[in-house]
Amino acid sequence: MNNFREVNDDILKEWLSFREETISGRLTKEDKKHYIYFDEIAANILRNVPKQNKKYVRNQLDRLDKNFIDYLCYWNEKYYRNGFCDGVELISGCLNL
């Protein structure tokens, strides 16, 4: 049996990916206030960087963006995965009276 608390490629990961795709198309005004406008921020930084350093700074900003997204995805998945597992354990504990 799978240990669903471990972050793996499984049905729960597929569900989280589906939810992410669904939710990203339905941002509210409040959601948009907290959105990270990374592309705009990166463009502003690059406008103020000397020409000889632009390539390096662009590469570092791309790495930062990828690293930040990976970090958020991992922690969101872990948070929701553990919440799901806690709920299942709670329900199964109630049924095993």
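Reader: Asp-70 first. Buried, partly exposed or exposed?

Author: This is a predicted model. In it, Asp-70 has a relative accessible area of 39%, so Asp-70 counts as partly exposed.

Reader: Which residue does Asp-70 form a salt bridge with?

Author: Lys-66. The closest N and O atoms of the two are 2.9 Å apart.

Reader: Where do Asp-70 and Lys-66 lie?

Author: Both are in helix H4, 4 residues apart, which is about one turn of the helix.

Reader: And how exposed is Lys-66?

Author: Lys-66 is exposed, at a relative accessible area of 54%. The cut-off for exposed is over 50%, so a residue such as Asp-70, at 39%, falls in the partly exposed class.

Reader: How many salt bridges does the structure hold?

Author: There are 2. Besides the one between Asp-70 and Lys-66, the side chains of Lys-33 and Glu-30 meet at 3.2 Å, N to O.

Reader: Which helix is that one in?

Author: Helix H2, residues 29-33, holds both Lys-33 and Glu-30. They are 3 residues apart, again about one turn of the helix.

Reader: What about exposure for those two, Lys-33 and Glu-30?

Author: Lys-33 is exposed, with a relative accessible area of 60%. Glu-30 is partly exposed, at 41%.

Reader: Why would side chains like these pair at all?

Author: Side chains of opposite charge can pair when their charged atoms come close.

Reader: Change of topic, aromatics. How many aromatic pairs are there?

Author: The structure holds 3. In one of them, Tyr-35 and Tyr-37 have ring centres 4.8 Å apart and planes at 65°, so that pair is edge-to-face.

Reader: Which residues do ring pairs link into a cluster?

Author: Tyr-71, Tyr-74 and Trp-75. Of these, Tyr-74 is in helix H4, which covers residues 54-95. Its relative accessibility is 37%, so Tyr-74 counts as partly exposed.

Reader: OK, H3. Which of its residues are buried?

Author: Phe-38, Ala-42 and Leu-46 are the buried residues of helix H3, which spans residues 38-47. They cover an arc of only 65° around the axis, so they sit on the same side of H3.

Reader: What do the buried residues of H3 pack against?

Author: H4.

Reader: And which residues are exposed on the other side of H3?

Author: Glu-40 and Arg-47.

Reader: Stepping back, how many helices and strands in total?

Author: There are 4 helices and 0 strands. Along the sequence the pattern reads α-α-α-α.

Reader: Of the contacts between residues at least 6 apart in sequence, what share joins residues at least 24 apart?

Author: That share is 62%.

Reader: Where is Ser-17, and how exposed is it?

Author: Ser-17 lies in helix H1, residues 11-24. Its relative accessible area is 34%, so Ser-17 is partly exposed.

Methods:
Residues are numbered from 1 along each chain as its sequence is written. This is a predicted model: local features need pLDDT of at least 70, side-chain atom pairs count only at pLDDT 80 or more; totals for chains, interfaces and linings use all residues. Side-chain values use heavy atoms; hydrogens and water are left out. Helices (H or I, at least four residues) and strands (E, at least two) are DSSP runs, numbered from the N terminus. Buried means under 20% relative accessible area, exposed over 50%, partly exposed in between (1.4 Å probe, protein chains only). Rings of Phe, Tyr and Trp (its six-membered ring) pair if their centres lie within 6.5 Å; planes under 30 degrees apart count as stacked, over 60 as edge-to-face and the rest as tilted. The arc is that of the directions from the helix axis to the C-beta atoms. Contact means heavy atoms within 4.5 Å. A salt bridge is a side-chain nitrogen of Lys or Arg within 4 Å of a carboxyl oxygen of Asp or Glu.
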